[in-house]
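The structure is shown first, and the notes follow.

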Amino acid sequence: MEQVVIGVESDDKVLIISVAARMAGMHPQTLRQYDRLGLVQPGRSSGGGRRYSPRDVALLREIQRLSQEDGVNLAGIKRIIELEQLVTVLQERLADARTELAEARQRIAQLEAGSAFPRRDLVPLSRSQTALVVWRPSRPAGQ
């Protein structure tokens, strides 16, 4: 049975170790071991007790699944978690870059729409000049 904590953000570190362990279906000592190995980073209360978030509990369940169902060792699980976190960071950066690109394109379109020179020329050419200049090399003196 899955519990839902109402009014709590998924990253809020509010669950004590016994509750988090029960929600994840693990022994509290397992959570302590995973903390020591760096698989899960619980918050700390002012007294030093571990505090877990609902997102931490979901991660603990995933660790258990990888270990028991897929046979991945803890070092492999740690690497998987690190790579998944990196993917998340890179996806966020990509989304930010796409947003910036869309905003830049919109600004360019606005500038072009308000421009007196809609042709994207850096220097507008005057079409009214029709002068023809003929250049002839000068002859050196004495020829």
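**Strand pairing**

Glycine 43 has arginine 51 of β3 as its bridge partner. The model is predicted, so local features require pLDDT of at least 70 and side-chain atom pairs pLDDT 80 or more, while totals for chains, interfaces and linings use all residues. Residues are numbered from 1 along each chain as its sequence is written, and side-chain values use heavy atoms, with hydrogens and water left out.

- β2 and strand β3 (residues 50-52) run antiparallel and are joined by two bridges; strands count as paired if DSSP finds at least two bridges between them.
- The three strands form an open sheet in the order β1-β3-β2, with antiparallel pairing.
- β1 (15-16) and β2 (43-44) are the edge strands, each pairing on one side only.
- Helices (H or I, at least four residues) and strands (E, at least two) are DSSP runs, numbered from the N terminus.

**Aspartate 35**

- Aspartate 35 lies in helix α2 (residues 28-37).
- The relative accessible area of aspartate 35 is 16%, so this residue is buried; buried means under 20%, exposed over 50% and partly exposed in between, with a 1.4 Å probe and protein chains only.
- Leaving out residues up to four places away in sequence, aspartate 35 touches Val40, Pro42, Arg44 and Arg50; contact means heavy atoms within 4.5 Å.

**Helices α1 and α2**

- The axes of helix α1 (residues 17-24) and α2 cross at roughly 100° and come within 8 Å.
- Axes are lines fitted to C-alpha atoms, for helices over the stretch in contact, and angles run from 0 to 180 degrees between N-to-C directions.
- α1 and α2 are therefore roughly perpendicular to each other; the classes are roughly parallel under 35 degrees, roughly antiparallel over 145, roughly perpendicular from 65 to 115, and oblique for the rest.
- From α1, Ile17, Ala20 and Ala21 meet Pro28, Leu31 and Arg32 of α2.
- This contact of α1 with α2 has five nonpolar, no polar and one charged residues; Ala, Val, Leu, Ile, Met, Phe, Trp, Tyr, Cys and Pro count as nonpolar, Asp, Glu, Lys and Arg as charged, and the others, Gly among them, as polar.

**Helices α3 and α4**

- Helix α3 (residues 54-68) packs on helix α4 (residues 74-113) at an angle of about 130°, with the axes 10 Å apart.
- That angle makes α3 oblique to α4.
- Leu59, Ile63, Leu66 and Ser67 of α3 make the contact with Ile77, Ile80 and Ile81 of α4.
- The residues of the α3 contact with α4 are six nonpolar, one polar and no charged.
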